[in-house]
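Reader: I've got a structure to go through and would like to talk over its side-chain packing. Can you take my questions one by one?

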Amino acid sequence: MDSFTHHNLMQLVTNSDGVKASLYMPTIRSGREVQQNAVRFKNLIKQVKHKLDEQAVDITHIDARVDEALKLAANDQWWQHQGDGLAMFFADDFMESYRLPAEMPELVLVGQRFQITPLVRLLQGDGQFHVLAVSQNSVRLFRCTRYDITELQPAELPSDLRSALNIDEYTSTLQHHTAGASRASGGTIFHGQGAADLDVQKNNEISQYFQVINRALSNYFNDDRVPLVFAGVEYLFPIFRESCKYKGIYDQPVAGNPDDVSAKQLHTAAWRLVEPMFLGDRESALTQFNKFVANEKTTTKLNQIVSAAQEGAIETLLLAEDEQLWGLPGNSGAVVNSQEEIQREELLNYTAVQALATGGTVYTLPKHRMPQEQRLAAILRFLPR
């Protein structure tokens, strides 16, 4: 997959190359169905060319960019290395494509602005965190974002308890017992001899194990403070926190024996824990809007929001996900469902581009969570004229 950052988003927002085309599609990562990617792509490219032909401007240069991209349809190697979605953008002197870690809608739009709202949704709340899955039998470290998980292999990280403590018959000193969260997966967990809690000896031995892991993590992370989610049998988590000096340990673990848990399952469980932290800014913006809903600087009125976007008056813009609203922006707002087909714009995207270009912040939400369940809402810096 390709890295897509806020910097890339702002390149799309500020591009001034005349008419622009945006193409989005879901993609299949692997298996026999990968061949469907190229077929779908060719059909969408045809739509791009058809929509460009409708434009009342010279499309010679952008049309050449689209023809260049069409060659990718025959590149089997390229289609074998996809994410869950593809975004591609064309202008006179501009062509960029991004293989993305989240499924994208099937969408082709041509106009004066790139369609960027699907990418706003992709970026919000995205951040890096790590998952450390630990049991007696295995140590796995993963780097994660909201949409992806990659296993890492730091040189100093032990592979299991035996290698960490340099002994061959360590398991003979532990009683094997299947219980609690581990019973479903059939895994072995630590227990003291005939006791519900670990005795002092076992506690010390496991502490040594975690201290070896701590040294490896300290060397790998250096001074980073990226959140680290512990995945393991629940009662081991306090021992790990005491043994590990890394400052970014997340305060809730993914509880249970991780031996038979896939990377994807670990990612889903860990993201469920850290999501509120990463989406905190969006939730704060929604809370702020709801707190000041009667204030004249909050609005869900389309014309006022479009005017504010044009004047750089939007501080925070909230948009409903998977929604579109077509019309013609004007000096005093917007005419919804304008019949002037060539000049029509998707107004949620229009306000998002204008807000970002003037230093505003844009978030997307499921429509049922939007203020008054409207398609857009804004907190204003000042009232538009």
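Reader: Is Phe-221 buried or exposed?
Author: First, a word on the source: this is a predicted model, where local features need pLDDT of at least 70, side-chain atom pairs count only at pLDDT 80 or more, and totals for chains, interfaces and linings use all residues. Residues are numbered from 1 along each chain as its sequence is written, and side-chain values use heavy atoms, with hydrogens and water left out. Buried here means under 20% relative accessible area, exposed over 50%, and partly exposed in between, with a 1.4 Å probe and protein chains only. Phe-221 has a relative accessible area of 2%, so the call is buried.

Reader: And how does Tyr-220 count, with its 33% relative accessibility?
Author: The value of 33% falls between the 20% and 50% cut-offs. Tyr-220 therefore counts as partly exposed.

Reader: What is the geometry of the Trp-78 and Trp-79 pair, and why?
Author: A search of the whole structure turns up 16 aromatic pairs. Rings of Phe, Tyr and Trp (its six-membered ring) pair if their centres lie within 6.5 Å, with planes under 30 degrees apart counted as stacked, over 60 as edge-to-face and the rest as tilted. For Trp-78 and Trp-79 the ring centres are 4.8 Å apart and the planes sit at 80 degrees, so the pair is edge-to-face.

Reader: Which geometry do Tyr-220 and Phe-221 have?
Author: Their rings are 5.3 Å apart, centre to centre, with 70 degrees between the planes. That makes the Tyr-220 and Phe-221 pair edge-to-face.

Reader: What do the buried residues of H7 pack against?
Author: The buried set in H7 includes Tyr-209, Phe-210, Val-212, Ile-213 and Phe-221. Contact means heavy atoms within 4.5 Å. The partners of the buried residues are S5, S6, helix H6 (161-165), S8 and helix H8 (237-243).

Reader: How many residues of S5 are buried?
Author: Phe-129, Val-131 and Ala-133 point one way from the strand, while His-130, Leu-132 and Val-134 point the other way, and all are buried. For S5 (residues 129-134) the count is six of six.

Reader: In which sense does S5 pair with S6, and in which with S8?
Author: Two strands pair if DSSP finds at least two bridges between them. Leu-132 has Leu-141 as its bridge partner in S6, and Val-131 has Val-229 in S8. With S6 (residues 139-144) there are six bridges and the sense is antiparallel; with S8 (residues 228-232) there are four and the sense is parallel.

Technical notes. Helices (H or I, at least four residues) and strands (E, at least two) are DSSP runs, numbered from the N terminus.
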